[in-house]
Amino acid sequence: MPGIITMDDLTNEEIISILDDAEKLLPVARGELYLPLLQGRILGNLFFEPSTRTRMSFETAMKRLGGDVVNLGDVKTSSVVKGETLFDTIQMVDGYTDIIAMRHPRQGAAQYACDSARVPIMNGGDGAGHHPTQTMLDLFTIRSAHGTLEGLNVVLAGDLRYGRTVHSLSHALARFGCNVTFASPEGLRMPEEIVADLRAHGSEVVETTELLNHIDDADVIYMTRIQKERFPDEEEYAKVAGAYKLHARDLDGAKAEMIIMHPLPRVDEIHPSVDTTRHAFYFQQAFNGVVARMSLMCWLLGVTVPEDVNAAGVVL
Amino acid sequence: MRRVTAIKNGTVIDHVPSGKALSVLKMLGIGGSMSNPVSLVMNVPSKKMGGKDIIKVEDRELTQNELDRLALVAPDASVAIIRAYSVAEKLEINLTAEVVNVARCTFSNCITTNHREPLPHRLLVTNRVPLELRCRYCGKTQDIEGLVDNLL
């Protein structure tokens, strides 16, 4: 069954088509229009790891489209603690639902679930692996701000080793011909497989430990949190915690249309002084998670988004 | 110069990359507990490879499944089955695009490290020379030496 496990599961044309549909669905995501395209469909939310935005936006997306949601709930009270395998869990939820959103601490879990399931699996993060549905909302945000995805200068900064959002996003950016700069502490560099893949794709990848020097040329700065929970010990985390802190005063030379993004939650990598600048797009980005996931679920379930959603829906 | 005498019956594995013979023995499960005579030469000059290792296992003919295992450390090795001092069969090690259920992924946080998960272990060959494999599930590049320890 097709699913979205990595960005390799979508062609550039499919990405553009899903983003176009997302654009159409904006009034539905805002609650201005009722359009039950997924009425009668059930989403299974399987979050084996904590999640706020991803889980809630999947749930909101399905409900805005008239569908329903069942949740795994707290892993500590599910059959997982009794030793159930992921394969068995998927067999069960597969029977209850029409589509599954999943987050799991083990890398490769989403592909494993996809190989086990009959319904589409959407990878909501697998360990330090991939997070392609986040990438869809990131691309939606970038395109909304710049009108294009092509040829932009994008700086990805912070924890590039463990930050799965940047793993998926960098693949997509390279495919749209963006110039990608990776700014990270030495120990948190982008995994070599990903850098190799991007270079094999013909991308010129710049790797640096400097962030501030790259601000003025950037069209997008994508900040990430140091993933404390993935460090083997506290001491290793302490060495790199707070490596990058973006402050409003650092943006004086930035292009007017440059946007700052962050998958959230942030710790201290973006100072609150940035929130009131024209560059701050991270809260808009979080909202876009709903509309991007609405569109993605329609696509995976083979439901066509009407050209004129206003005519098809009911104004609320 | 013949460094090891001809064998009457068994298997000769030639063109093993220099220094990999011990890994090959490990992959074949050949250790001190088996009674077959085993000859091994390492780092002998080779026109084709510069240097190579050769293994001769007496009274044992390798199966295709065992050959699949060899593909992980010696994909270009040539294998000859010997019967009555003559080469009875020449076997190819065909490194397929995917190595299935031969070894477990070497990445410690891969979903497949749970031994109870039932799906096959699948390693994709992403480069043949030098050999590079990635786990189908987690996508991690495999530590080839580590795979020898993770044989199924």
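Let's start where the chains meet: 14 residues of chain A are in contact with 17 residues of chain B, contact here meaning that C-beta atoms, placed from the backbone, lie within 7 Å. On the chain A side, α4 (86–96) and α5 (109–116) each supply at least two residues, and α5(A) gives the most, with five residues. By class, that side of chain A has four nonpolar, seven polar and three charged residues. For the bookkeeping, Ala, Val, Leu, Ile, Met, Phe, Trp, Tyr, Cys and Pro count as nonpolar, Asp, Glu, Lys and Arg as charged, and the others, Gly among them, as polar.

A quick word on what you're looking at. This is a predicted model, where local features need pLDDT of at least 70, side-chain atom pairs count only at pLDDT 80 or more, and totals for chains, interfaces and linings use all residues. Residues are numbered from 1 along each chain as its sequence is written, while chains are lettered from A and ligands numbered from 1 in the order in which they are written.

Now for chain A itself. Eleven helices and eleven strands make it up; these are DSSP runs numbered from the N terminus, helices being H or I with at least four residues and strands E with at least two. Its C-alpha trace spans about 50 × 50 × 40 Å along the principal axes. Of the contacts in chain A with a separation of 6 or more, 75% are between residues 24 or more positions apart.

Across the boundary, 19 residues of domain 1 are in contact with 18 residues of domain 2. On the domain 1 side, α1 (12–24), β5 (121–126) and α10 each give two or more residues, and the residues of that side divide into ten nonpolar, seven polar and two charged.

Finally, the inside. Buried residues, those with 20 or more other C-beta atoms within 10 Å of their own, make up 50% of the 316 residues in chain A. The largest nonpolar core has 127 residues, and A:Tyr222, A:Ile260 and A:Met294 have the most contacts inside it. Such a core is a set of buried Ala, Val, Leu, Ile, Met, Phe, Trp, Tyr and Cys residues joined through C-beta atoms within 7 Å. Helix α10 (residues 282–300) of chain A brings the largest share of this core, ten residues. As for A:Ile260, the residues it touches include A:Ile221, A:Leu246, A:Val274 and A:Phe281, leaving aside residues up to four places away in sequence.

Technical notes:
Buried ≥ 20, exposed ≤ 12 C-beta atoms within 10 Å, placed from the backbone. Contact = placed C-beta atoms within 7 Å.
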